Amino acid sequence: MPTDIRIIHAHDFIKATPEGLLDLEEAKNILTEIALESARLANCEVLLDTRKAQAEMSITDLWYLATELSNLRKDYSCWKTAVLCPLERFDHAGFFALCAQNIGLQVRAFTSFEDAIEWLVANET
């Protein structure tokens, strides 16, 4: 069975203000765009690649974005979302995944591109 995987690079998703601070409102707007785009697709999977992201997000920021994803749930139609991160940020990615799982979304954190793709294409949920 073919799988439609969309790769989103976090450096396109996580933006900073001119002062170099995380622009949480812009990140929320881009998350909304991703949700609306996924609504037009059937049976897609998402790989969110955060390995080259310049801005680090606080635990509060991660919780906020997971909550926003919950608010967009009717539009966010992807079955699974893999968050790919460097090893030193795995705890943060894992926390975001846990927050998303708590609202009923299938999100997992990975440090290996291959493991993330393998999970996305696996038939089990």
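Which residue with a positive phi follows α4? Gly 104 does, with a phi near 95°. The model discussed here is predicted.

## Helix α4

The helix α4 covers residues 90-102. Its 13 residues should span 18 Å at 1.5 Å a residue. The end C-alpha atoms of α4 are 18 Å apart, which agrees.

Five names make up the buried set of α4: Ala 93, Phe 96, Ala 97, Cys 99 and Ala 100. They cover an arc of only 160° around the axis, so they sit on the same side of α4. Asp 91 and Asn 102 are exposed, on the face of α4 turned away from that buried side. The cover over the buried residues of α4 includes α3, β3 (80-84) and β4.

## The largest nonpolar core

The largest nonpolar core has 18 residues. Leu 65, Phe 96 and Val 107 have the most contacts inside it. Two or more residues come from each of α2 (24-39), α3 (59-71), α4 (90-102) and β4 (106-110). The helix α4 gives the most, with five residues.

Phe 96 deserves a look of its own.

In soluble globular proteins, nonpolar side chains tend to be buried together.

## Helix α5

The helix α5 runs over residues 113-121, and its buried residues are Ala 116, Trp 119 and Leu 120. Seen down the axis of α5, these residues fall within an arc of 100°, so they line one face of the helix. The face turned away from the buried side of α5 carries Glu 114 and Glu 118, both exposed.

## Around Trp 119

The structure holds one aromatic pair. Phe 110 and Trp 119 form it, with 5.6 Å centre to centre and 40° between the planes. That geometry is tilted.

Are the two partners buried or exposed? Phe 110 has 7% relative accessibility and therefore counts as buried. Trp 119, at 12%, also counts as buried. The cut-off for buried is under 20% relative accessible area.

Trp 119 has a charged neighbour as well: Lys 80 lies over the face of its ring, at 5.0 Å from the ring centre.

Methods: Residues are numbered from 1 along each chain as its sequence is written. This is a predicted model: local features need pLDDT of at least 70, side-chain atom pairs count only at pLDDT 80 or more; totals for chains, interfaces and linings use all residues. Side-chain values use heavy atoms; hydrogens and water are left out. Rings of Phe, Tyr and Trp (its six-membered ring) pair if their centres lie within 6.5 Å; planes under 30 degrees apart count as stacked, over 60 as edge-to-face and the rest as tilted. Buried means under 20% relative accessible area, exposed over 50%, partly exposed in between (1.4 Å probe, protein chains only). A charge sits over a ring if NZ of Lys or CZ of Arg is within 6 Å of the ring centre and within 35 degrees of the ring normal. Helices (H or I, at least four residues) and strands (E, at least two) are DSSP runs, numbered from the N terminus. The arc is that of the directions from the helix axis to the C-beta atoms. A nonpolar core is a set of buried Ala, Val, Leu, Ile, Met, Phe, Trp, Tyr and Cys residues joined through side-chain atoms within 4.5 Å. The expected span of a helix is 1.5 Å times one less than its number of residues. Contact means heavy atoms within 4.5 Å.
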